[in-house]
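The following explanation leads through one protein chain, from its overall make-up to individual residues. Please keep the sequence and the three-dimensional view at hand while reading.

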Amino acid sequence: MEELLRLLAEDAPGSELARAAGSNQAARDLALRIRAGMDASKKRETELSALVDVARELASARDPGRVLDTIVHRARTLIGTDVAYLTLYDAARGDTFMRATDGSISAAFQQLRVPLGAGLGGLVAETYKPYWTADYPGDHRFRHTGPIDHAVGEEGLVAICGTPLIVDGAFVGVLFASNRTRRPFSREEVSLLGSLATLAAVTLVQVRAAAETAAALDQVSAAHAGVEHAAAAHDRFAEIVLSGGDVDAIAAALAELLDVCVVLVDALGNRLATAGAEGGADLPDHAASGDDLSDTGRLTRSGDCWVVAAVAKGERLGALVIGGAKELTAADQRIVERAAVVTALVLLFRRRAAEQAERAQADLLGDALTGSQALTDRFRLLGKKELPQQVVVAVCRGDHTGVLARLAAPLEERLALSGGYGGHLVLLLDLRDAEAGARQLADVARRTGVTIAVTGPAAWGEALVAAHQQASRLVTTMLRLGRNAQAATPNDLGVAGLVGATEVDIHAHINHLLGAVLRYDQERGTDLAGTLTAYFDAGQSPTRAATALHIHPNTVQQRLDRITALIGEGWQQPDRALDVQVALRLLRATTD
């Protein structure tokens, strides 16, 4: 007996124990039972140690895919099978699908989906209980299906053991260990696989939760970053407004913040500002003027662009068109919408300021046209330069809404004051003579259909009042004579322009009509003016004029052609002819 105890203590194999017991059957049986118990304890200890190693390995895994690969590899190693694999439950489709394998060689097997209740795995998934078989192809306890049998056959599996992955009553999937030859699975192996499955299920759920938490934290972090980005954008826009910046500065800031192209258009689709790497050259303006553009201030997609209306007090003042960005994050979209709000406020402020400036200018204009001379300080408050000594007066009658917008740059720079007065648009221009003003306003009159009478120049005070009254009478005369959509001075109307004038500059009138002829005579010693007088005295007959002048009729005709070249075609027509004759009579009356 002492020898048997020594051998047991030295962990001797069963054959040595049997030999030492000799013919003592009772001692041999007891020694072998003790040996078997010790072997089972060691095996269990080894399995527990392996499970601890598995738990440690799984604890270090953060990727769900790596967790699954570790589980099937450990299952194959611990159970000692040819293949191990794991299926996961798909709640949306109500089945399980192959997620990880170790030792598999069949593509069809690796892509297998197992309905609940079908095959061994489907039965495990349906009952939440482990099942095993030494010969799956010949085991009719399971509901065989064509796809499952085909995949199992292609993989060459015979013996299969499957156990469920369950956490807190929730089914996660099935863990399998299988062999390509017949073999039984002991209850200890099934239990070991079940322990591994439980450990795997808990770890998998924890990893999933950790991944979801990390994703949620990433979203929170992204949201926080978005809030910070939006706050920075808000501060940038506020700084622009508080420093007096205009809409072009807002567009430039938005383009820089989001790295996009920005175009700002007004309510009619006219561009007010562009910004961005490409200056918004390819962005369609019409995208911001469509009827489908919402006035809610929300950003919408329009083709390849993003569009948002700039709305203030329920009125659409313009719109921002964003290009160069296929997608905008929710935070970026809010930034664009905030830019649209700030833009609307700036446009509203600008319009209010323009309206106030227009009213102030209209008040100043009204005082000037009623004879006030205390204008200098108020003139400077409008942002104007020095008050000119004299101004030319232009009275525009008709729909004058587009007149100011069509003034050429040189003439616009000469505009001292403008505004409505007496139902008409009145322009006070810093020009030296009315003729220059009429020439520059002729194109404006033609393009807008407005009739413009030009007088002056006149000094501030009563002279300006008289010049304005003369221009008002002159524009009425022009309309009566059918000279619509033209710009003219009193001298351009000849005799009709002298009617109603409080003061007439005779020499200026003569020079306007005959100046070119008189200068020609003075420079060349000719007498075209005398020929012109004789021509009218002869009833506009070249022959009779030639007789009176004692020259050949051809000579008279040549002189008349020269006069036409000097004062222009049409002077022989009744209206112009009368004006020329009156000018000749005034010349005769004022010549010493």
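A residue is called buried when its relative accessible area is under 20%, exposed when that area is over 50%, and partly exposed in between, with a 1.4 Å probe and only protein chains considered. The model is predicted, so local features need a pLDDT of at least 70 and side-chain atom pairs count only at pLDDT 80 or more, whereas totals for chains, interfaces and linings use all residues. Residues are numbered from 1 along each chain as its sequence is written, and side-chain values use heavy atoms, with hydrogens and water left out.

The chain as a whole comes first. It has 592 residues, of which 42% are buried. Its secondary structure consists of 20 helices and 16 strands; these are DSSP runs numbered from the N terminus, with helices (H or I) of at least four residues and strands (E) of at least two. A contact is defined by heavy atoms within 4.5 Å. Of the contacts between residues at least 6 apart in sequence, 56% join residues at least 24 apart. The accessible surface of the chain, taken from the Shrake-Rupley method with a 1.4 Å probe, comes to about 30,600 Å², and carbon and sulfur atoms account for 51% of this area.

The interior may be approached through its nonpolar cores. Such a core is a set of buried Ala, Val, Leu, Ile, Met, Phe, Trp, Tyr and Cys residues joined through side-chain atoms within 4.5 Å. The largest one has 33 residues, and those with the most contacts inside it are Phe-237, Leu-254, Val-262, Leu-320, Ile-322 and Val-336. Among the elements that give two or more residues to this core are helix 8 (187-242), helix 9 (247-258), strand 7 (261-266) and strand 11 (315-323). Helix 10 supplies the largest share, nine residues. Beyond four places in sequence, Phe-237 touches Ile-250, Ala-253, Leu-254, Leu-257, Ile-335, Arg-338, Ala-339 and Val-342. A second, separate core of 26 residues includes Val-67, Leu-88, Ala-200 and Leu-204.

Thr-163 lies in strand 5 (residues 159-167), and it counts as buried because its relative accessibility is 5%. Apart from neighbours within four places in sequence, its contacts are Val-124, Pro-130, Gly-173, Val-174, Leu-175, Leu-193, Gly-194 and Ala-197.

A disulfide is a pair of cysteine sulfur atoms within 2.5 Å, and the structure holds zero of them. The sulfur of Cys-261 has its closest cysteine sulfur in Cys-305, but the 9.4 Å between them is too far for a bond. Cys-261 is buried, at 9% relative accessibility, and Cys-305 is buried as well, at 6%.

Most residues other than glycine have a negative phi, and most peptide bonds are trans. The peptide bond from Gly-456 to Pro-457, however, is cis, with omega near 5 degrees; Pro-457 is placed in strand 15 (residues 451-459). Ala-485 has a positive phi, near 55 degrees, and is found in the loop between helix 14 (462-480) and strand 16 (487-488). Its relative accessibility of 26% makes Ala-485 partly exposed. His-550 also has a positive phi, near 60 degrees. This residue is in the loop between helix 18 (542-549) and helix 19 (553-567), and His-550 is exposed, with a relative accessible area of 74%.
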